[in-house]
Structure formats: structure tokens, C-alpha cells
Amino acid sequence: MFYLLKCFIQMKILLNNIDLNEALFGKSNIGFVPTMGSLHDGHISLIKKSLKLSNKTIVSIFVNPKQFNNKKDYKRYPRNIKKDLRILKRLKVDFVYLPEIEDVYKFANKVKIKLKKQDKILCAKYRKGHFEGVINVMTRLTQIINPSKIFMGEKDFQQLFLVKRYIEKNFKSKIISCKTIRDKNKLALSSRNILLTKKNLKKAGQVARNLILFKKKLFKKKDLKNLILIKKNELIKKFDIKIDYLELRNTKNLRLTNKIKDTKIFIAYYISSVRLIDNF
Ligand code: AMP
């Protein structure tokens, strides 16, 4: 770690809350980009937006154990801190926060976290406790950092939706949503993509392209619910994937709908043992 500290003089690396409080003292208009590391162009787009809109930008890298409902998944989550720090330095980020678990969890959370029944949909239905873990860490990081703006990706739309509600109700910080960044095959960038074989990466791109095209065609169609069910079965057969959900929902309230206005198609699926999510 000493080696890393020496290499990144302009960009301050904050390893605990004492360093963080000292570094952020008196700073205003702080932009915060929370991440779990293994940074890619999706994260970079959030960071660039923060650099543009904030006086100071702080990026956190923290693989939050509480949001993994599966220990094995937590253990095999990709980590690459050296490469991440190189990327952040190149972007001229002001601060990188690399907390230990106790920095985040040693104090009582002032926000009570309980999902409503109507929130237990999509990933909340399939990954029990996941969003409680995400909201828990996000409300804690917000208390620690006190940012003006928090930059989050539409790639994780349900996360963005829920975190925005909890954060903006309890704190002054505003959540800024950022568009999904895709690779040349239209696959949404994700740290988990590293876990895919070349063949499965290609397949995941084909699933994404298939759904982008499908969504375009839905604008002229009726009985969307049935068409989505047909599409779900087609994808399972064509690509040999296991689908947790494929649903059309209103983006304002995340309710199921049969009308195309203000909607997104949400998907979560497994290619071999890797779970991917996306929305179109
Ligand atoms: P993660 O490190 O996966 O927890 O993601 C950190 C932030 O980056 C979250 O707000 C994500 O929604 C966002 N993000 C992840 N992938 C993408 C992407 N492909 N495009 C835009 N934002 C993304």
C-alpha cells in the first residue's frame, strides 16, 4: 500500500474515515461516484460527469459484503485495485476512498431500511436482502462523505430507483442518473463480464441486440405482455440461458404495464453461472 501511496501524489487516497474527514474539510460541491471497483468505461462515464459538474470528485471502491446474498459470489467478485488506481489517476480524480469494513459499518445507521411489498420485484424478488444491503451501504457512505451529488448508472435501474428514493428523502444529496455504456456488440459493460468466456460474451451481446430490436418493434404492437412471454421463451431456447425475469415496467414507478410509453424492458439472466442484468 505504501508503494501505491507514493505513486499517486496528486490524487489523494483515503484509507480510513480520519483521512477522509481531513481531506474533505471545508470542501463544497462534492461529487461522489460509489463503485465496487474493477473499473470500466461505464464507471468512467460517471466519473467524467462528476468531474464536469463538481468542484471535487471522490470515487469509492468498496466491495460491500452486505449486498451479496451468496458468499461465493462475494469471494469471486472481480478485484483489481492497481489498475483501478491507474485509471483514476489518469482521470485526475481528486480523492479515492478505500474504506475497511469497519469504517463503513462501525456506527449506527440513522436511516431505517425496510423495502415495501411493492418494491419486492425484479432483482429484489430474486436476490433476497440485496437492496437492503445496497441502501444500507449507500446511506452510510452518504453520511460519511456528505456529497452534493451522487452519480449512478441506469444499467442498475432498480438500484438507482430505490437509492434515489432513500437518499433524497433522508439527505440533501442529489442522485444524478447516467446512461448505460455498452460495448461494440451492445452488451452493457459490467465488472462481471470478466467472468464470461469469449463465447458467452458474444452470446450476451446477441441477447442485448435482440432485446434492443424487440423493444423498438413493440411501439407498434398490442398485447405486449403476451409478446414478452413469447420473447422470454424464444431467448431461453435460442441462447440456452436461464432467465430470472423479462418484464416491461414503467420507469416512473416500476409497475408492470402493457403500454409502451415511459417503459423499459428489464432482464436478469444466467449464462452458465454468471448472472447478468440489463434494461432497454
Ligand atoms: P458497480 O461497481 O458495479 O457497483 O457500479 C458502480 C456504478 O457504476 C453504479 O452506479 C452502476 O450503475 C454504474 N455502472 C455500472 N456499469 C455501468 C455501465 N455499463 N454504464 C453506466 N453505468 C454503469
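Biologist: At what angle do helix α10 and helix α11 pack, and how far apart are their axes?

Modeller: This is a predicted model, where local features need pLDDT of at least 70, side-chain atom pairs count only at pLDDT 80 or more, and totals for chains, interfaces and linings use all residues. Residues are numbered from 1 along each chain as its sequence is written, and side-chain values use heavy atoms, without hydrogens and water. Axes are lines fitted to C-alpha atoms, for helices over the stretch in contact, with angles from 0 to 180 degrees between N-to-C directions. Here α10 (residues 198-218) and α11 (residues 224-239) pack at about 160 degrees, with axes 12 Å apart. That makes α10 roughly antiparallel to α11 (over 145 degrees).

Biologist: Which residues of α10 and α11 meet?

Modeller: Contact means heavy atoms within 4.5 Å. From α10, K203, Q206, V207, N210, L211, F214 and L218 meet L224, L227, I228, K231, E234, L235, K238 and F239 of α11. By class, this contact has nine nonpolar, two polar and four charged residues.

Biologist: Is strand β8 mostly covered or exposed?

Modeller: Buried means under 20% relative accessible area (1.4 Å probe, protein chains only). In β8 (residues 263-271), eight of the nine residues are buried, so the strand is mostly covered.

Biologist: Which strands pair with β8?

Modeller: Two strands pair if DSSP finds at least two bridges between them. β7 (residues 242-250) pairs with β8 in the antiparallel sense over eight bridges, with L248 bridged to I265. β9 (residues 274-279) also runs antiparallel to β8, joined by six bridges, and F266 has N279 as its bridge partner. β8 and β9 form a hairpin with two residues between them, and S272 in the turn has a positive phi of about 45 degrees.

How values were computed
Helices (H or I, at least four residues) and strands (E, at least two) are DSSP runs, numbered from the N terminus. Angles under 35 degrees count as roughly parallel, over 145 as roughly antiparallel, 65 to 115 as roughly perpendicular and the rest as oblique. Ala, Val, Leu, Ile, Met, Phe, Trp, Tyr, Cys and Pro count as nonpolar, Asp, Glu, Lys and Arg as charged, and the others, Gly among them, as polar. Buried means under 20% relative accessible area, exposed over 50%, partly exposed in between (1.4 Å probe, protein chains only).
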